[in-house]
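Here is a short tour for anyone who likes to check a model before using it. Have a look at the structure first, and then we can walk through a few of its parts together.

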Amino acid sequence: MAAVNDWRQRLEHTVLAPVLKTSPLYYLWLALLLAVIGWAVYAYSRQLDDGLIVTGMRDRISWGLYISTFVFFIGISHAGTLISAILRITHAGWRTPVTRMAEFITVVALMCGALFVIIDLGRPDRVLNVILYGRWQSPIVWDVLAITTYLTGSIAYLFLPMIPDMALFRDRLAGRVSRWRIRLYSLLSVGWEGNPTQKRHIGSAITVAMLLILPIAVSVHTVVSWIFGMTLREPWNSTIFGAFFVAGAIFSGIATLIIVMAVLRKVYHLEEYITEKHFVYLGYMMAAFALIMIYANLSEFITTGYKLEEGQEFHFNQLFREEYAGFYWFYALGGLVLPALILLIPWTRNIWGIVVASIFVDLGMWVERYFIVVTGLRVPLMPYEPASYTPSWVEFSVMAGGFALFALLISLFIKIFPVMSFWEVAESYEEEEAAATIVTSPGVATEPAGGAR
Amino acid sequence: MSEREDATPSPSRESKTVNRRGLLRLLGLGAVSSAPLLLLPPVLRKASQQGHTESPQQPATGPSGRTRQWTMIIDLRKCDGCQSQGTPPQCTTACIEGHFAPEPMQWIEVYEDELPGGGTQFIPTPCQQCQNAPCVNVCPVGATFSTPEGTVLVDQDRCIGCRICMAACPYDRRFFNWGDPPIPPEALLADYSSEHEIPAKKGTVMKCDFCPDLPRSGALPHCIQACPNGAIYFGDLEEDVATNGKDIVAASRFLSENQAYRLKEDKGTKPRVQYIPGHGEEVGRDSSEEGRLPTEWPWEERAKGSKTWQR
Amino acid sequence: MRIALASLLCSVLAALVVSFGHGNSTASADLSLPAAFATITVDGDDSDWDSIEGLSVTLKQFEIPSGSEWEYDPLDPVEAQVKAATDGDRFYLLFKVFDDYDWDPDDSNLSGSPNVMFLIDQLAGPHMGSGDEDFEESLGMVDIWHWELECGPGVMSGGGDAGTGNDPDCNLDDEFATDPEERDDDGKGDAPNTNGENSLAGSWDHTGRAGGTGSEGAWVFEYSRPLQTGDPEDAQFGLGSSTFLALAYFDADESRTGWSDAGHLTSADAGWLEVLLPSGQPTATPVPTGSQDPTATPEPTASPESTPTPAAPGPDDSEIEAEVTVSDEPRVGEPSEIRVVLRHAEDGSPVPDVKVRVLQDKSFMDVEGVVELIGARTDEDGVAVMTFIPRRPGEQELLIEYLLPEAIEPASTTASLMVADGGQIFQSEAGVNIPGLGVWAIFAVITTVWALLLLIAARVIAVARAGGVPPPGAPGYEGRLTGGGLLEGTDELTEPGPLDEADRLDEPGTLGDD
């Protein structure tokens with residue numbers, strides 16, 4: 001039992017450490033992020049002044065970097081849903097160290113994604129018109145409804161399992177952190193004591209949230225895909241857009257989770273809790289989705305390629321052979337095939353390999369969002385020469401700012417909130433230990449083999 | 001999370017206190033959460049209008065009192081891209097001048113399309129004023145709306161500039177004011193209305209609107225007046241009549257007797273603009289005579305402080 | 001040389017026209033036109049012919065029999081129109097050719113040239129086709145009015161010295177032919193004819209003359225001649241009788257040097273054209289046949305009966321009467337049937353295969369005019385049934401036009417109707433309409449989701465409420481710290497942690513600093 005206690009104390013220590021100790025490197029990192037964000041704010045101010053003419057978008061290709069990044073971020077937000085909800089439903093014990101990260105990636109990604117839609121507007125001063133005059137027939141309104149609902153649900157879903165941890169923080173950090181923080185923790189722990197009534201309530205709340213978040217998440221990226229799918233543009237005129245985008249979202253979400261997981265594991269010494277097993281399991285899931293994405297690509301392109309209706313032939317040329325071939329093949333080979341191979345070949349199936357695969361996946365998926373948006377708009381509708389699109393410095397700066405904001409919010413989050421879900425990790429550890437005890441010799445309490453798993 | 005059914009009874013006095021307190025809390029919570037319901041009626045009202053923005057004026061009516069149903073018939077047998085005139089297409093020029101359309105917007109644009117067998121034909125393409133308009137369907141704020149006369153207008157005071165309508169339009173007929181629109185100073189004096197899109201506003205979408213203020217007062221739209229060959233007919237489907245300024249026809253008969261067709265019929269947009277096939281042969285153009293003069297905008301020098309952009 | 005060739009060609013024309021008399025004992029014609037009783041000013045302006053009915057024919061190149069030496073460039077057929085009139089003294093003829101304007105004052109080969117031929121001897125037959133080997137045989141005499149345009153437009157041509165049909169000034173010659181190969185000016189043939197004369201008066205113009213050579217339009221060739229000339233080499237005309245004519249036209253566009261002898265276009269394909277001369281001045285004011293008196297009735301169903309005015313009693317009757325009925329109670333926006341029946345007045349037999357059009361006055365945006373609403377062809381019963389949708393309420397007229405087979409201009413009749421008012425026909429169908437999916441479905445989904453979120457919020461509040469007094473038997477404070485009590489059967493693990501202990505929820509403990 002002492003070993004268990006030891007283990008528990010180690011866990012507590014690990015969970016509290018990021019909040020208690022801050023290295024100078026952290027401040028440097030924050031400064032860097034703030035600098036990028038500051039530059040992005042300047043770039044956006046140019047855009048507010050002069051209008052969207054500062055971007056590379058024009059009448060014929062009227063969406064570009066902003067919308068692709070928006071779709072990408074909303075895609076990443078599916079990390080939390082998958083890990084937390086699906087794995088929770090299936091009682092996969094190994095999920096516990098990563099659920100917190102997954103959930104806050106979701107919240108942060110949603111906020112950054114929503115930001116990009118507003119940045120893309122020509123008249124951001126009128127954004128409230130969407131609420132005042134919203135039309136239910138519009139895919140953008142569906143988007144707004146779905147994203148706000150998902151954001152609310154995700155915040156709830158992030159918050160609920162954090163309540164016991166907030167209680168822990170409130171108690172353990174009293175006197176060691178500033179008063180406002182203790183107030184915050186007290187507020188957020190809503191009087192948690194761990195008594196049975198509370199446990200019952202929170203259990204049912206988490207169950208409801210878990211069951212709710214799945215259909216919401218599926219609907220979110222489906223309606224995002226319908227912003228494209230509800231138009232008559234040839235490359236977007238596809239019925240599988242919804243499923244295709246959801247699969248891609250989950251795919252990129254897992255990859256982002258793996259990357260964040262690897263970074264935080266290294267920086268905050270979480271090796272005892274987040275092991276190679278986690279990477280491998282998540283990696284397997286990512287491989288599964290890579291295969292699903294390959295299938296979806298084949299499905300889409302073989303059927304349209306066989307027929308080559310008007311507009312599709314031009315699209316095939318621009319996507320596979322000419323202007324955007326580099327983008328497409330990087331995505332297909334680097335973002336789909338390569339990660340699948342890395343994960344399926346035992347020799348590369350280790351933490352490093354999997355992290356590299358995830359980086360390729362995220363890059364590939366961003367590229368995919370980009371060429372879906374741009375090549376879709378590039379197919380000529382009437383007899384004119386196809387236009388071209390090159391993002392301007394403003395767009396690149398704002399996009400960099402968006403990613404910096406994503407990293408910043410995550411960095412701030414781990415300084416305030418526990419990076420892992422303490423009670424869940426402890427609970428699953430103790431469950432395993434109890435099961436091991438029973439197995440070893442029934443009725444006799446033996447020292448279980450402690451240590452990492 | 002394992003749930004434990006706990007049958008621990010609470011002390012009665014505490015439970016009574018808790019109950020009363022709980023009841024008060026619940027009532028308070030209920031009141032608070034019902035507050036958003038007060039927003040429901042205006043929301044429902046807006047929803048029942050299906051987000052229909054309204055035209056600033058009553059619908060135009062014909063001599064029999066019924067609402068006009070504007071349509072355009074473009075007789076391609078008479079359109080030669082103004083090759084014989086030696087000018088850029090005059091329909092486009094008149095539209096630009098009549099509306100102070102910012103450069104490089106061509107609300108009616110004369111495309112040159114290749115014919116099977118070689119040669120080209122000119123296709124003046126205004127907004128097709130679709131009856132199942134994709135742009136109207138997708139607009140989140142109802143800034144693009146259909147009128148009772150069957151036309152589609154844009155309210156630049158409501159447009160948020162999201163440009164989903166531009167992605168949705170299959171005819172390349174919507175234009176965005178990417179920067180400060182290059183328009184002459186006198187345009188700024190006009191009273192903006194969705195039927196009279198002057199001046200253009202930065203960050204919003206605009207397009208051909210069938211010049212609603214002109215037919216209301218008995219004049220034909222700018223492009224019809226300007227066409228030297230009388231290739232564009234403007235009509236009212238309700239009265240079944242159309243004119244190009246000189247000749248008058250029964251619209252339905254003119255269409256059926258001349259094998260009229262609509263652009264991209266298979267997209268299901270049900271446009272109100274019909275075309276009679278041809279390549280300018282009635283004004284002496286041979287299909288092999290390619291090329292037309294590029295459109296010009298007269299005021300870039302006078303549009304202070306703004307610069308134009310490429311499409 | 002040119003004259004010789006021209007003569008040769010005219011002879012050929014004559015030959016072909018006079019041949020094929022075999023089996024044709026009497027000249028008969030499939031086409032006929034009535035001559036009106038009128039006085040025409042011969043000046044090249046055909047406006048005084050406007051109210052007179054004419055006959056349309058197509059002039060085609062005839063086929064040279066195989067083995068012939070003649071060769072020519074193929075020419076497209078041209079349309080022509082012929083009208084005839086008489087005032088009891090003179091015979092007037094209008095020959096109108098729809099071809100482009102070619103006139104060279106110095107070279108009549110570069111100008112168009114008309115030829116009119118009249119039957120003199122019964123047996124002379126018009127050309128019926130190619131391939132007759134006996135075209136050398138003479139079957140009779142024909143009178144030819146041959147005109148090469150050596151004088152300008154509007155200039156009176158014709159006339160000449162006594163004893164000859166030659167017109168020395170303007171080359172409107174009065175000629176005759178008895179066999180296919182020869183054609184001579186009156187009085188100049190082999191047989192002596194001291195009464196040869198040229199009392200033709202002709203004047204020409206071209207409607208497209210203002211546009212210069214090559215302009216589209218029509219030649220207007222006007223001729224007049226006394227009914228009787230006393231020249232045996234002329235066709236003589238008499239009131240109340242018929243005369244038979246054929247037409248030919250030489251097109252200067254045939255080659256770079258103008259028309260050639262072989263290339264002319266003739267009406268011979270249609271046979272002789274019969275001209276029915278009136279017997280005298282009609283008692284009533286002459287009106288063009290085919291136009292009917294409208295009988296306007298205020299009833300919704302209008303069936304105007306019309307009486308045709310006969311042109312002249314001739315062997316063929318071309319009076320047509322039209323009966324128009326419109327379906328009961330036409331209403332704006334509802335399809336209305338209009339039924340037109342065309343019948344011969346004489347025997348009531350139907351007139352099939354005639355194009356009927358329904359027209360109406362319309363005005364729009366300061367432009368007024370007559371527009372065509374609908375059209376159809378009469379079937380074998382002479383009936384054309386059409387459907388149209390009235391757009392305007394109130395009293396209105398429809399104009400029904402029909403073009404009879406030999407007519408140049410359409411005949412017409414009117415129908416009056418009273419159209420009741422109707423509702424809006426076109427509704428603007430804007431917007432997406434997915435059956436079953438309404439804003440209510442969206443509301444239902446959103447309400448459900450938010451209700452569930454509120455439920456979660458309620459649970460959180462319940463968690464808050466359940467804090468404070470730990471129920472007896474619970475692990476108590478310590479349980480909060482170490483997580484003990486969260487697990488089943490692990491109460492024995494409960495131990496106070498090594499850190500500071502803060503008692504209640506809202507006691508912050510000692511102030512620390514991070």
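Predicted model: local features only at pLDDT ≥ 70, side-chain atom pairs only at ≥ 80, totals over all residues.

## Confidence in chain A

Within chain A, the helix with the lowest confidence is α4(A), residues 78-89, with a mean of 80, while α3(A) has the highest, at 96. For chain A as a whole, the mean pLDDT is 89, and 96% of its residues reach 70 or more.

One stretch deserves a separate mention. Over residues 445-453 of chain A, pLDDT stays under 50. For that stretch, the model has 14 contacts beyond four places in sequence.

## A helix pair in chain A

Two packed helices are described by the angle between their axes and the distance between the axes. Here, helix α3(A), residues 65-76, packs against helix α15(A), residues 351-378, at an angle of about 135°, and their axes are 8 Å apart. The two are therefore oblique to each other. As for handedness, α3(A) passes α15(A) in a right-handed crossing.

Which residues make the contact? From α3(A) come A:Ile67, A:Ser68, A:Val71, A:Phe72 and A:Gly75, and from α15(A) come A:Met365, A:Trp366, A:Arg369, A:Tyr370 and A:Val373. Sorted by class, this contact has seven nonpolar residues, two polar and one charged.

## The five-stranded sheet of chain B

Now over to chain B, where five strands form an open sheet in the order β10-β9-β8-β1-β11, with mixed pairing. Strands β10(B), at 248-249, and β11(B), at 273-276, stand at the edges. Each has a single partner strand, so one side of each is left without a neighbour in the sheet.

Strands of a sheet pair through backbone hydrogen bonds, either parallel or antiparallel. In the case of β1(B), residues 70-75, and β11(B), the two strands run parallel and are joined by four bridges.

## Where chain B meets chain A

Between the chains, 44 residues of chain B are in contact with 42 residues of chain A. On the chain B side, at least two residues each are supplied by α2 (40-48), β2 (109-114), α4 (134-138), α5 (164-168) and β6 (175-176) of chain B. Helix α5(B) gives the largest share, four residues.

What is the make-up of this side by class? The residues of chain B that touch chain A divide into 21 nonpolar, ten polar and 13 charged.

Conventions:
Residues numbered from 1 in each chain as written. Chains lettered and ligands numbered in written order. Pairing = 2+ DSSP bridges. Axes fitted to C-alpha atoms, helices over the stretch in contact; angles between N-to-C directions. Parallel < 35°, antiparallel > 145°, perpendicular 65-115°, else oblique. Left-handed = near helix turned anticlockwise from the far one by under 90°. Contact = placed C-beta atoms within 7 Å. Nonpolar A, V, L, I, M, F, W, Y, C, P; charged D, E, K, R; others polar. pLDDT = per-residue confidence, 0-100.
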